[in-house]
Amino acid sequence: GVVAERKGKILGLNFLDERNLIRAVGPTCVDLPYQGSGVGKKLMEAVISRAHDSPGIRLVQEAFNIEAVSLYTKLGFELKEPLVLIRGKPKSTVHNSDIEIRPLKNGDLKYCAELSQKVIGYERQRELQDSIRFLAPYVLLKKSQIKAYTSATDYWMGNHGVGETEEDLKGLILGIGLLVEKPLSFLLPLKNTRLFRWCLSEGFKVVKSLFLMSKGDYQESNGGYYPSVCG
(Lines give C-alpha, C1' and ligand atoms only; values in the text may rest on other atoms or scores of the structure.)
Protein backbone atom coordinates (compact mmCIF):
# COMPACT_ATOMS: atom_id res chain seq x y z
CA GLY A 1 0.00 0.00 0.00
CA VAL A 2 1.06 3.59 -0.67
CA VAL A 3 -0.27 6.97 0.46
CA ALA A 4 -0.05 10.44 -1.00
CA GLU A 5 0.84 12.95 1.71
CA ARG A 6 1.30 16.71 1.83
CA LYS A 7 2.41 18.55 4.99
CA GLY A 8 1.31 15.64 7.15
CA LYS A 9 -2.13 15.32 5.56
CA ILE A 10 -3.10 12.10 3.77
CA LEU A 11 -4.56 12.98 0.36
CA GLY A 12 -5.11 9.48 -1.01
CA LEU A 13 -4.07 5.84 -0.98
CA ASN A 14 -3.56 2.95 -3.36
CA PHE A 15 -2.80 -0.77 -3.14
CA LEU A 16 -1.13 -3.43 -5.29
CA ASP A 17 -2.08 -7.08 -4.79
CA GLU A 18 1.10 -9.11 -5.32
CA ARG A 19 -0.21 -12.61 -4.59
CA ASN A 20 -0.46 -13.54 -8.27
CA LEU A 21 1.97 -13.33 -11.18
CA ILE A 22 -0.45 -10.81 -12.69
CA ARG A 23 -0.64 -7.89 -10.25
CA ALA A 24 -3.91 -6.21 -9.30
CA VAL A 25 -4.48 -2.53 -8.45
CA GLY A 26 -6.85 -1.16 -5.84
CA PRO A 27 -8.66 0.06 -4.01
CA THR A 28 -7.57 3.53 -5.08
CA CYS A 29 -8.98 6.48 -3.13
CA VAL A 30 -8.37 10.24 -3.31
CA ASP A 31 -9.88 12.70 -0.82
CA LEU A 32 -12.65 14.67 -2.53
CA PRO A 33 -11.02 18.15 -2.42
CA TYR A 34 -7.93 16.76 -4.18
CA GLN A 35 -9.60 14.79 -6.93
CA GLY A 36 -8.51 15.99 -10.38
CA SER A 37 -5.31 17.56 -9.00
CA GLY A 38 -2.92 14.79 -10.10
CA VAL A 39 -2.87 12.85 -6.82
CA GLY A 40 -4.54 9.82 -8.40
CA LYS A 41 -1.99 9.80 -11.21
CA LYS A 42 0.94 9.81 -8.77
CA LEU A 43 -0.62 6.98 -6.76
CA MET A 44 -1.07 4.92 -9.92
CA GLU A 45 2.48 5.64 -11.11
CA ALA A 46 3.79 4.40 -7.76
CA VAL A 47 2.12 0.97 -8.00
CA ILE A 48 2.90 0.64 -11.72
CA SER A 49 6.57 1.21 -10.91
CA ARG A 50 6.35 -1.35 -8.12
CA ALA A 51 4.96 -3.91 -10.60
CA HIS A 52 7.72 -3.38 -13.18
CA ASP A 53 8.79 -7.04 -13.00
CA SER A 54 5.29 -8.43 -13.57
CA PRO A 55 4.07 -9.43 -17.06
CA GLY A 56 0.78 -7.65 -16.48
CA ILE A 57 -1.35 -5.49 -14.18
CA ARG A 58 -5.14 -5.49 -13.90
CA LEU A 59 -7.84 -3.46 -12.23
CA VAL A 60 -11.62 -3.35 -12.07
CA GLN A 61 -13.25 0.08 -12.27
CA GLU A 62 -16.90 1.06 -11.92
CA ALA A 63 -18.13 2.16 -15.34
CA PHE A 64 -19.71 5.44 -14.17
CA ASN A 65 -16.33 6.91 -13.13
CA ILE A 66 -15.23 8.10 -16.55
CA GLU A 67 -12.47 10.32 -15.13
CA ALA A 68 -10.78 7.30 -13.56
CA VAL A 69 -11.23 5.23 -16.72
CA SER A 70 -9.63 8.08 -18.72
CA LEU A 71 -6.69 8.27 -16.30
CA TYR A 72 -6.04 4.53 -16.47
CA THR A 73 -6.20 4.64 -20.27
CA LYS A 74 -3.62 7.45 -20.36
CA LEU A 75 -1.37 5.32 -18.12
CA GLY A 76 -1.42 2.44 -20.59
CA PHE A 77 -4.35 0.32 -19.42
CA GLU A 78 -6.76 -1.13 -21.99
CA LEU A 79 -10.40 -2.08 -21.58
CA LYS A 80 -10.57 -5.88 -21.85
CA GLU A 81 -13.94 -6.85 -20.41
CA PRO A 82 -17.15 -4.94 -19.75
CA LEU A 83 -18.57 -6.53 -16.61
CA VAL A 84 -21.79 -6.62 -14.65
CA LEU A 85 -22.11 -7.42 -10.98
CA ILE A 86 -24.92 -9.92 -10.60
CA ARG A 87 -26.53 -11.23 -7.44
CA GLY A 88 -29.13 -13.86 -6.60
CA LYS A 89 -29.89 -17.54 -6.17
CA PRO A 90 -30.45 -19.85 -9.17
CA LYS A 91 -34.02 -21.06 -9.70
CA SER A 92 -33.05 -24.57 -10.75
CA THR A 93 -33.09 -27.11 -7.93
CA VAL A 94 -32.17 -30.28 -9.82
CA HIS A 95 -28.69 -31.51 -8.92
CA ASN A 96 -26.66 -33.61 -11.35
CA SER A 97 -25.76 -36.81 -9.51
CA ASP A 98 -22.64 -37.24 -11.68
CA ILE A 99 -20.92 -34.28 -10.02
CA GLU A 100 -19.85 -33.45 -6.47
CA ILE A 101 -19.85 -29.95 -4.99
CA ARG A 102 -17.89 -29.40 -1.78
CA PRO A 103 -15.76 -26.75 -0.02
CA LEU A 104 -12.29 -26.22 -1.46
CA LYS A 105 -9.51 -27.72 0.71
CA ASN A 106 -5.76 -27.14 0.94
CA GLY A 107 -5.18 -30.42 -0.86
CA ASP A 108 -7.10 -29.06 -3.87
CA LEU A 109 -4.83 -26.05 -4.41
CA LYS A 110 -2.43 -27.78 -6.81
CA TYR A 111 -5.25 -29.00 -9.04
CA CYS A 112 -7.04 -25.64 -8.98
CA ALA A 113 -3.76 -23.98 -9.98
CA GLU A 114 -3.43 -26.36 -12.93
CA LEU A 115 -7.02 -25.66 -13.99
CA SER A 116 -6.53 -21.90 -13.71
CA GLN A 117 -3.30 -22.09 -15.73
CA LYS A 118 -5.14 -23.99 -18.45
CA VAL A 119 -8.16 -21.69 -18.63
CA ILE A 120 -6.82 -18.17 -17.98
CA GLY A 121 -3.07 -18.55 -18.45
CA TYR A 122 -1.83 -18.18 -14.87
CA GLU A 123 -2.42 -19.80 -11.48
CA ARG A 124 -3.84 -18.10 -8.39
CA GLN A 125 -2.79 -20.51 -5.66
CA ARG A 126 -1.75 -17.94 -3.07
CA GLU A 127 -5.03 -16.09 -3.52
CA LEU A 128 -6.96 -19.33 -3.02
CA GLN A 129 -5.01 -20.05 0.17
CA ASP A 130 -6.39 -16.80 1.57
CA SER A 131 -9.87 -17.72 0.33
CA ILE A 132 -9.76 -20.94 2.37
CA ARG A 133 -8.86 -18.91 5.47
CA PHE A 134 -11.28 -16.00 5.07
CA LEU A 135 -13.96 -16.74 2.45
CA ALA A 136 -16.02 -19.72 1.27
CA PRO A 137 -14.44 -21.35 -1.82
CA TYR A 138 -16.03 -24.39 -3.49
CA VAL A 139 -15.03 -26.96 -6.11
CA LEU A 140 -16.93 -29.10 -8.59
CA LEU A 141 -15.65 -32.63 -9.20
CA LYS A 142 -16.41 -35.18 -11.89
CA LYS A 143 -15.01 -38.67 -11.32
CA SER A 144 -12.92 -37.25 -8.46
CA GLN A 145 -11.29 -34.64 -10.75
CA ILE A 146 -11.69 -30.90 -10.14
CA LYS A 147 -13.44 -29.35 -13.13
CA ALA A 148 -14.42 -25.96 -11.66
CA TYR A 149 -13.86 -23.83 -8.61
CA THR A 150 -14.93 -20.50 -7.18
CA SER A 151 -12.98 -18.52 -4.58
CA ALA A 152 -16.03 -17.20 -2.69
CA THR A 153 -19.82 -17.26 -2.79
CA ASP A 154 -21.33 -13.95 -1.66
CA TYR A 155 -18.26 -11.65 -1.53
CA TRP A 156 -17.99 -10.54 -5.16
CA MET A 157 -14.81 -8.48 -4.79
CA GLY A 158 -12.86 -11.60 -3.83
CA ASN A 159 -14.83 -14.05 -5.96
CA HIS A 160 -13.38 -15.43 -9.18
CA GLY A 161 -14.54 -18.63 -10.82
CA VAL A 162 -12.86 -21.01 -13.26
CA GLY A 163 -14.38 -23.95 -15.13
CA GLU A 164 -12.82 -26.34 -17.61
CA THR A 165 -15.95 -25.66 -19.65
CA GLU A 166 -18.79 -23.18 -19.36
CA GLU A 167 -21.11 -26.07 -18.42
CA ASP A 168 -18.80 -26.98 -15.54
CA LEU A 169 -19.02 -23.42 -14.24
CA LYS A 170 -22.81 -23.46 -14.54
CA GLY A 171 -22.94 -26.74 -12.64
CA LEU A 172 -20.85 -25.22 -9.87
CA ILE A 173 -23.13 -22.18 -9.61
CA LEU A 174 -26.24 -24.37 -9.45
CA GLY A 175 -24.66 -26.68 -6.87
CA ILE A 176 -23.55 -23.86 -4.60
CA GLY A 177 -27.03 -22.35 -4.84
CA LEU A 178 -28.40 -25.50 -3.21
CA LEU A 179 -25.78 -25.50 -0.44
CA VAL A 180 -25.66 -21.91 0.80
CA GLU A 181 -28.36 -19.61 2.14
CA LYS A 182 -27.03 -16.21 1.10
CA PRO A 183 -27.42 -14.92 -2.48
CA LEU A 184 -24.43 -15.56 -4.73
CA SER A 185 -22.60 -12.57 -6.21
CA PHE A 186 -19.90 -12.33 -8.86
CA LEU A 187 -18.65 -10.26 -11.80
CA LEU A 188 -19.79 -11.57 -15.16
CA PRO A 189 -18.05 -10.68 -18.47
CA LEU A 190 -20.74 -9.26 -20.77
CA LYS A 191 -19.02 -10.64 -23.87
CA ASN A 192 -20.04 -14.11 -22.70
CA THR A 193 -23.62 -13.60 -23.83
CA ARG A 194 -24.59 -17.24 -23.35
CA LEU A 195 -23.58 -17.29 -19.70
CA PHE A 196 -25.14 -13.88 -19.06
CA ARG A 197 -28.42 -14.97 -20.63
CA TRP A 198 -28.36 -18.19 -18.60
CA CYS A 199 -27.81 -16.26 -15.36
CA LEU A 200 -30.75 -13.98 -16.16
CA SER A 201 -32.94 -17.01 -16.89
CA GLU A 202 -31.95 -18.43 -13.50
CA GLY A 203 -33.18 -15.28 -11.75
CA PHE A 204 -29.94 -13.38 -11.12
CA LYS A 205 -30.26 -9.58 -11.09
CA VAL A 206 -27.79 -7.01 -12.43
CA VAL A 207 -26.52 -4.63 -9.75
CA LYS A 208 -24.07 -2.37 -11.63
CA SER A 209 -21.63 -2.13 -14.52
CA LEU A 210 -17.84 -2.22 -14.29
CA PHE A 211 -14.78 -2.51 -16.55
CA LEU A 212 -11.86 -4.93 -16.35
CA MET A 213 -8.75 -3.10 -17.57
CA SER A 214 -5.28 -4.52 -18.17
CA LYS A 215 -1.77 -3.26 -18.81
CA GLY A 216 0.65 -5.80 -20.30
CA ASP A 217 -0.12 -9.47 -20.87
CA TYR A 218 -3.75 -10.52 -21.12
CA GLN A 219 -5.13 -13.88 -22.23
CA GLU A 220 -8.75 -14.51 -23.16
CA SER A 221 -10.23 -17.35 -21.10
CA ASN A 222 -10.26 -20.79 -22.66
CA GLY A 223 -13.26 -22.21 -20.80
CA GLY A 224 -15.65 -20.88 -18.17
CA TYR A 225 -14.48 -17.84 -16.22
CA TYR A 226 -15.58 -14.85 -14.20
CA PRO A 227 -13.08 -12.44 -12.58
CA SER A 228 -12.72 -10.91 -9.13
CA VAL A 229 -11.40 -7.39 -8.63
CA CYS A 230 -7.95 -9.01 -8.88
CA GLY A 231 -8.70 -9.97 -12.48
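The model is predicted, so local features need pLDDT of at least 70, side-chain atom pairs count only at pLDDT 80 or more, and totals for chains, interfaces and linings use all residues. Residues are numbered from 1 along each chain as its sequence is written, and side-chain values use heavy atoms, with hydrogens and water left out.

I begin with the salt bridges. The whole structure holds 18 of them, each being a side-chain nitrogen of Lys or Arg within 4 Å of a carboxyl oxygen of Asp or Glu. One of them joins Lys191 to Glu81, with 3.8 Å between the closest N and O atoms. Lys191 lies in the loop between strand E12 (184-189) and helix H6 (193-201), and Glu81 in strand E7 (residues 78-88), so this pair ties together parts 110 residues apart in sequence. Helices (H or I, at least four residues) and strands (E, at least two) are DSSP runs, numbered from the N terminus. Glu81 is buried at 7% relative accessible area, whereas Lys191 is partly exposed at 48%; buried means under 20%, exposed over 50%, and partly exposed in between (1.4 Å probe, protein chains only).

A second pair is Lys147 and Glu164, whose closest N and O atoms are 3.4 Å apart. Lys147 is in strand E10 and Glu164 in the loop between E11 and helix H5 (166-179). Here Lys147 is buried at 16%, and Glu164 is partly exposed at 27%.

Finally, salt bridges also link Glu166, Glu167, Lys170 and Arg194 in a network.
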